[in-house]
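Here is a short note to read alongside the model, written with your eye for cut-offs in mind. Please keep the viewer open as you go through the points.

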Amino acid sequence: MSVPLADRFIQLAYDPGISPKGGGLPGLAVLKNVVNSINMFGIIAVVGALAVSLGVWAWGHHTGGHQAEANGKKGAVVAAGAALGLGAANGIVAFFSNLGSQVH
C-alpha cells in the first residue's frame, strides 16, 4: 500500500533521521584548527582592546576628560563581554545544540 505524498512530507518534517556526526567529511580537523585559531586571535584582540580601553579610562579620569572616561568605561565593558562570549562559545553552542536535539 502506498503512502500519500502529504503524509510523507509530514513524516519527513517530523523525523528526517539526521544527526551531527564527526568524521563524515574530509577536512574536519583542518576546519576545527582554523576555528580554534580564529578564537585565539579574537581573544588576543580583546586583550589589546581591554588594555587600550583601560588606558583611555585612566587618562580621561586624570585629565578631567569626561567623554574619554565614559568611552574608556564602555570599551572595557564591551571587551569584557567579548571575552566572555569568546570563552563561552563552545559551551553556548553545545547547550543550544543539546536543547535543540530534545525538540520533537
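1. Let us begin with one serine. Setting aside neighbours within four places in sequence, Ser-53 is in contact with Gly-72, Gly-75 and Ala-76, where contact means heavy atoms within 4.5 Å. Ser-53 has its place in helix α2. Its relative accessibility is 12%, so Ser-53 counts as buried; the classes are buried under 20% relative accessible area, exposed over 50% and partly exposed in between, with a 1.4 Å probe and protein chains only.

2. A word on provenance. The model is predicted, so local features need pLDDT of at least 70 and side-chain atom pairs count only at pLDDT 80 or more, while totals for chains, interfaces and linings use all residues. Residues are numbered from 1 along each chain as its sequence is written, and side-chain values use heavy atoms, with hydrogens and water left out.

3. Now the helix around that serine. Helix α2 covers residues 28-63; helices here are DSSP runs (H or I, at least four residues), numbered from the N terminus. The 36 residues of α2 should span 52 Å at 1.5 Å a residue, and the end C-alpha atoms are 52 Å apart, which agrees. That expected span is 1.5 Å times one less than the number of residues. Following α2 comes Gly-64, with a positive phi near 80°.

4. Which residues of α2 are buried? They are Gly-42, Val-46, Ser-53 and Gly-60, and these buried residues pack against α3.

5. On to charges. The whole structure holds 1 salt bridge, defined as a side-chain nitrogen of Lys or Arg within 4 Å of a carboxyl oxygen of Asp or Glu. Glu-69 and Lys-73 form it through their side chains, at 3.9 Å from N to O. The two sit 4 residues apart in helix α3 (residues 66-101), so about one helical turn separates them. In general, an α-helix has 3.6 residues a turn, so residues three or four places apart point the same way. Glu-69 is buried at 14% relative accessible area, whereas Lys-73 is partly exposed at 37%.

6. Last, the rings. A search of the whole structure gives 1 aromatic pair. The ring centres of Phe-95 and Phe-96 are 5.0 Å apart and the planes meet at 80°, so the pair is edge-to-face. Rings of Phe, Tyr and Trp (its six-membered ring) pair if their centres lie within 6.5 Å; planes under 30 degrees apart are stacked, over 60 edge-to-face and the rest tilted. Phe-95 is partly exposed at 48% relative accessibility, and Phe-96 is exposed at 51%.
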